[in-house]
Amino acid sequence: MIIAARSLPLTCLCLLAAIALSACSPRALVINSLADELAGQSQGAENDPELARDAAPFYLKLSEAVLAQQPGHAALAEGLAARMTEYAYAFVAFEADRVERDDLAAAEHLRRRAAGLYQRASRHALRALEIRHPGFAVALADPSANVTLAASDAGLAYWAAAAWGSWIALAKDDPEIVADLPLVVRLAAVAEAADPDWGNGALTSLRATLEAARPGGDRAQAVRWFDAAIARAAGGSAAVFVAKAESIALPAGQRENFETLLRQALAVRDTAGSPLTLQNEVMRRRAAWLLEQAPDLF
């Protein structure tokens, strides 16, 4: 789930970064090559979350520096938004949940940090969408506008919406930020329309989570979307089971359903080389932790 550079040695990346950010004559060519390399990094098959956590900050900072030089590099913007959102969720926001009982101040500090990371991630993705589609932000905010994206934009839009929605979830006391939730809901719908199968149901799961979270949301529709996402993932995603448990069963006080869904998440097994290996390991850990908290949650 948390992506850091995998195919280039750390020393090599450092050297490339130094060259790319210097004033040497082939600077633009090297920056573009480095942007391509960073955009192509994937650690989905990594099964050690601690290793991913320790490696992620270097990838994030280097990617931000390169993206500042190549703001129109959509693939790098998507990769950076994805890794930053995943890092914030798995290693900052989740840690806040775990320490809250013993240290409320530490939990609040971690949540503020996670909110800042989500905000940065969403802005990277939204800026890239705006560069690809000038006027996109204005159109998204106009209910009468017909907003569409190409299938190739689905991933970028997904991470923009996921990060934006996560930021809003941690800013419940700020009406100006919360007021943007309808835009996030619309963005997720536009992304799913562009490519319904993107992420093996990830977009459908995101729409379900947002529907369950928004004031006046249609719970029955959220359940249908969650079930559709589970079917699309063909039992290979622990995240959708955890999301349904937290978004549907927990608010409804359905402890049996809550625990059943979490056990289904724990039962997910990864195939060799699966891009969901790291994500699933993170979500299995969250599922186990939530099961431990069940007596206090109900």
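**Before you start**

You're looking at a predicted model, where local features need pLDDT of at least 70, side-chain atom pairs count only at pLDDT 80 or more, and totals for chains, interfaces and linings use all residues. Residues are numbered from 1 along each chain as its sequence is written, and side-chain values use heavy atoms, with hydrogens and water left out.

**Exercise 1.** Work out how many helices and strands the protein chain has.

*Solution.* Start with the rule: helices (H or I, at least four residues) and strands (E, at least two) are DSSP runs, numbered from the N terminus. Counting them up gives 14 helices and zero strands. Now look at burial, where buried means under 20% relative accessible area, exposed over 50%, and partly exposed in between (1.4 Å probe, protein chains only). Of the 298 residues in the chain, 48% are buried.

**Exercise 2.** Find out where Ser-63 sits, and decide whether Ser-63 is buried or exposed.

*Solution.* First, locate Ser-63: you'll find this residue in helix H3 (residues 49-69). Next, check the relative accessible area of Ser-63, which is 0%, so the residue is buried. Last, list the contacts (heavy atoms within 4.5 Å). Skipping neighbours within four places in sequence, Ser-63 is in contact with Leu-38, Leu-76 and Leu-80.

**Exercise 3.** Describe the largest cavity and say which residues line it.

*Solution.* Here's the idea: rolling a probe the size of a water molecule over the atoms shows where empty space is left. On a 1 Å grid over the protein atoms alone, a cavity is a set of points where a 1.4 Å probe fits but cannot get out, and lining residues have an atom within 4 Å of a point. Step one is the volume, about 40 Å³ for the largest cavity. Step two is the lining: Leu-67, Pro-71, Ala-77, His-124, Arg-127 and Ala-128. Step three is the source, with helix H5 (residues 104-132) giving the largest share of that lining, three residues.

How values were computed:
1 Å grid on protein atoms, 1.4 Å probe; cavity = no way out; pocket = protein on both sides within 12 Å on 5 of 7 lines; lining within 4 Å. Points joined across faces, edges and corners; volume = space filled by probe spheres on them.
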